[in-house]
Amino acid sequence: MTALVPRRGLAQILALVVILAVDRMVSPQFFDLRLQDGRLFGSIIDVLNRGTPVALLSLGMVLVIATRGIDLSVGAVMAICGAIAASLADSHGLPVVLAAALGAGLVCGLWNGFLVAVLGMQPIVATLILMVAGRGIAQLITEGRIVTFSSPDLVWLGNGAILGVPVPIAIALGMLILTGAMVRGSALGLLIEATGGNARASELAGVGTRAMILAVYVWCGVCAALAGVIAAADIMGADANNAGLWLELDAILAVVIGGTSLFGGRFSLVLAVLGALIIQTMNTGILLSGYPPEFNLLVKAMVVLAVLLLQSPKLSGFAGIMARLRRTKP
Amino acid sequence: MTFKALFAASATAALLLAVPANAAELTVGFSQIGSESGWRAAETSVSKQEATKRKVNLKIADAQQKQENQIKAIRSFIAQNVDAIFLAPVVSTGWDSVLKEAKEAKIPVVLLDRDIDPSGKDLYLTAVTSDSVHEGAVAGDWLAKTVGDKACNIVELQGTVGASVAANRKKGFDTAIAKHANLKVVRSQTGDFTRAKGKEVMESFIKAEGGGKNICAVYAHNDDMMVGAIQAMKEAGLKPGKDILTVSIDAVPDIFKAMVAGEADATVELTPNMAGPAFDAVAAFKEKGTVPPKWIQTESRLLTAADDPQKEYDSKKGLGY
């Protein structure tokens, strides 16, 4: 258990519990669950379901950030892959649709990885290119309109259920386990952390840092593609203008809330996903509360500030000093 | 496939633009903002249709969201000595000098869809726009009439916070239902004018209002949010259009699809036909010297399931929404 949730996850778990308790206060039926058309139904399921895109993005993003990089293009990649999936859905089978969408995500990741690892561009600038151009590409694919589809297979990805669990949640869980097995089941995670910690030293020690960086951007692209397909399946259409809009920032926030430093090095997949859930628990709570929408962003910012203060080393150091002072007093 | 369609579309556009000038009574230059939304694309297609109908030679310049491109286009229309200039202004200020040039050249300018800064009121002939407060009022009046004397809890999906259209559509609706004590907006949240957010917000409304049992009607500031809300209601085992009344604004093709399926009740049209009334105003001004009013308000048609939604869908689906 300690391997999965290290002791440093305490702040995040505490934050999630507090926000869940607040949600329960503003909405007494928050934890109610029932089965609706063979699918679990309730606010807590909404949190998990709506949190899926950001959780998937954060799985890729946390690895990129661990190498001291950042990927601003994930929202645009979502839009591209959703547009591809929606355009093909009614004329092709699900395997073709998924292969095309995930393949596009992989190519986007390769492009970012190439710019950063091979050409040595600053990650923030390199991925900014695809962030801007990607949405344009998605609009070209959809010709600027919302492409709708009725293929039951693709709709199932967004709205179906496996043993009562909505499919998106199952996919996110599957991806968490798969990514975890890859990076923690082998030395891969360690090599990624080494690359982020000190690329030059790692290179000299024989770590293929260039391959590591390329690999994390590719994985980030694939995760974004999956998130895009799910987002399109959810509304049975691809909305190139709005799909994944600003979600790159939520994904980065999820990673940061999960305690991974933007300066690279140590990372935690589980805590990044927990960060995504904290963000969504808060969003759903705001929607349930019935406050005027003008307060949404303000409340969100205050909660994020509180969660980050909870983890701040300076602040916990300050608390430690206060405790020591109190102890030394007679 | 996509590029082929794009190519075909631009080829058709080129053909339309190539109508010989001697066959046309009027030549009009239209500086369009761009094609940022489905509605904008539909406005461009309808303008071309209306021009062909009236044998007007219409030249469209796509400004790609940039004011400097619009100013350039207007100057080139003046140089070509067109009979009139249509302008869908991307911003409301900074038009004075170029409009003065048009005025000196005695070319009337008609604003489409959006108004400009009051300081320029004498610089254009008329503005053809929709009244978004009125649109909200039409939606509210329909709901009040349909519900009658029953108590009705309404949930509202607002547009983007800070957008003037959202504020106006809310104001019009609120004023219309204020006369009826039995109608009450119990929840109101922003769905950012998108399907995905409309669905997410509706999911939370349903949970917060006893699984949807306490909701009698949904009002959405645009059809896209309503399409998302309809999905949320269906997934919660509710019957939109029957258990819960729906009324939204814009009249995009997909809302008619929902009406055909019996899942939506009413929508208020934001007509893409701004050019039609503008052509008529210009023709009357040119022939008889009739000066039109400074503001021509377009009709905000109410369309319900009883108004042959299949026909509306067929007529709108090819317009580029």
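Strand 6 of chain B pairs in parallel with strand 8 (residues 217–220) of chain B over 4 bridges.

Colleague: Before we go on, what kind of model is this, and how are residues and chains labelled?

Modeller: It is a predicted model, in which local features need pLDDT of at least 70, side-chain atom pairs count only at pLDDT 80 or more, and totals for chains, interfaces and linings use all residues. Residues are numbered from 1 along each chain as its sequence is written, while chains are lettered from A and ligands numbered from 1 in the order in which they are written.

Colleague: How many helices and strands does chain B have?

Modeller: Both are DSSP runs, numbered from the N terminus: helices are H or I with at least four residues, strands are E with at least two. Chain B has 11 helices and 12 strands.

Colleague: Back to strand 6 of chain B, then: which strands does it pair with?

Modeller: Two strands pair if DSSP finds at least two bridges between them. Besides strand 8 of chain B, strand 6 is joined to strand 7 of chain B by 7 bridges, again parallel.

Colleague: What unit do strand 6, helix 6 and strand 7 of chain B make?

Modeller: A crossover is right-handed if, with the strands pointing away from the viewer, the path from the first strand over the helix to the second runs clockwise. Here strand 6, helix 6 (residues 164–178) and strand 7 of chain B make a right-handed β-α-β unit.

Colleague: How many residues of strand 6 of chain B are buried?

Modeller: A residue is buried if 20 or more other C-beta atoms, placed from the backbone, lie within 10 Å of its own, exposed if 12 or fewer, and partly exposed in between. In strand 6 (residues 152–158) of chain B, 6 of the 7 residues are buried. Across chain B, buried residues make up 48% of the 321 residues.

Colleague: Which residues have the most contacts inside the largest nonpolar core?

Modeller: In soluble globular proteins, nonpolar side chains tend to be buried together. A nonpolar core is a set of buried Ala, Val, Leu, Ile, Met, Phe, Trp, Tyr and Cys residues joined through C-beta atoms within 7 Å. The largest one has 158 residues, and A:Ala85, A:Cys223 and A:Val229 have the most contacts inside it. Helix 10 (residues 209–235) of chain A gives the most to this core, 21 residues. Apart from it lies another core of 36 residues, including B:Phe77 and B:Tyr124.

Colleague: How many residues of chain B are in contact with chain A?

Modeller: Two residues are in contact if their C-beta atoms, placed from the backbone, lie within 7 Å. By that rule, 29 residues of chain B are in contact with 27 residues of chain A. On the chain B side, the largest share, 9 residues, comes from helix 7.

Colleague: And where is A:Asp37, and is it buried or exposed?

Modeller: A:Asp37 is in the loop between strand 1 (34–36) and strand 2 (39–41) of chain A. It counts as exposed because it has 11 C-beta neighbours inside 10 Å. Its phi is positive, about 50°, although it is not a glycine. In chain B, B:Asn81 also has a positive phi, near 55°.
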